[in-house]
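Q: I have not looked at this one before. Can you walk me through it?

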Amino acid sequence: MAGDLDDKNARVPGGLGDDSVRSRLAPARSGARRLVLFVLVAAAVVALDQASKAAARAALVPGEPVTLIPGVMDLSLVYNTGAAFSLGEGAGPLFVLVAAAIAAFGAWVAWRRREVPLALTLTLAAVAGGGIGNAIDRVALGAVTDFFATTFMDFAIFNVADIFVTCGVPVALVLFWRWDTARERAAAGE
């Protein structure tokens, strides 16, 4: 009987064969790849956010707006101690903890929940990156650097991280809803 085993089965204890071992290892590699993608997207958002804030701090003076697109947007440097739209003034440490929790949850989803669509996982990475970008400002400066100011309407001054968080959350909700609906249909046999 042992002579009947081919080389592939002989190398693996229990005669499971390379294909069986590969199939058991594939989900772990898939989770690791998704986690790496999550971290890369979040890091890219953080880098873009921090670079734009550093440029704004270097080039702008608080209270002296510079026209970016006439009639649409100015660059106006302000320091925000609240959350988005200056809500939650003075709750910076809480926002840092929330950003850390969102990043940890997103990383967990990327690593352990491989059934979650990649688009949703990467959207969570963008939201986490935005939260981390603002958290870095809160820890390093005690306030978030904001500099985009719309001139065609009265709106809060914001930054790159805010864009990723504010746009990413509704996109994530839509992606989650679509995924959840598809799972329910599949479970119902439709």
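This is a predicted model: local features need pLDDT of at least 70, side-chain atom pairs count only at pLDDT 80 or more; totals for chains, interfaces and linings use all residues.

Q: How many helices and strands does the protein have?
A: The protein has five helices and three strands. Both are DSSP runs numbered from the N terminus, with helices (H or I) of at least four residues and strands (E) of at least two.

Q: In what order do the elements run from the N terminus?
A: The order is α-α-β-β-α-α-β-α.

Q: What share of the residues is buried?
A: Of the 190 residues in the protein, 33% are buried. Buried means under 20% relative accessible area, exposed means over 50%, and partly exposed is in between, using a 1.4 Å probe and protein chains only.

Q: Now the helices. At what angle do H3 and H4 pack?
A: The angle is about 150° between helix H3 (residues 92-112) and helix H4 (residues 118-141), and their axes are 8 Å apart. That makes H3 roughly antiparallel to H4. Axes are lines fitted to C-alpha atoms, for helices over the stretch in contact, and angles run from 0 to 180 degrees between N-to-C directions. Angles over 145 degrees count as roughly antiparallel, under 35 as roughly parallel, 65 to 115 as roughly perpendicular and the rest as oblique.

Q: Which residues make that contact?
A: On H3 they include Phe-95, Ala-99, Ile-102 and Phe-105, and on H4 they include Leu-124, Ala-128, Ile-132 and Arg-138. By class, the H3 and H4 contact has 14 nonpolar, three polar and one charged residues. Ala, Val, Leu, Ile, Met, Phe, Trp, Tyr, Cys and Pro count as nonpolar, Asp, Glu, Lys and Arg as charged, and the others, Gly among them, as polar.

Q: How do H4 and H5 pack?
A: H4 and H5 pack at an angle of about 155°, with their axes 8 Å apart. That makes H4 roughly antiparallel to H5.

Q: Which residues meet there?
A: Among them are Leu-120, Val-127, Gly-131 and Asn-134 in H4, and Asp-162, Val-165, Phe-176 and Trp-179 in H5. The contact of H4 with H5 has 14 nonpolar, five polar and one charged residues.

Q: Asp-162 then: buried or exposed?
A: Asp-162 counts as buried, at 13% relative accessibility. Asp-162 sits in helix H5 (residues 160-188).

Q: What does Asp-162 touch?
A: Leaving out residues up to four places away in sequence, Asp-162 touches Asn-134, Asp-146 and Cys-167.

Q: One more: where is Ala-47?
A: Ala-47 is in helix H2 (residues 17-59). Ala-47 is partly exposed, at 47% relative accessible area. From Ala-47 to Gly-133 the C-alpha distance is 7.9 Å, and the two are 86 residues apart in sequence.

Methods: Residues are numbered from 1 along each chain as its sequence is written. Side-chain values use heavy atoms; hydrogens and water are left out. Contact means heavy atoms within 4.5 Å.
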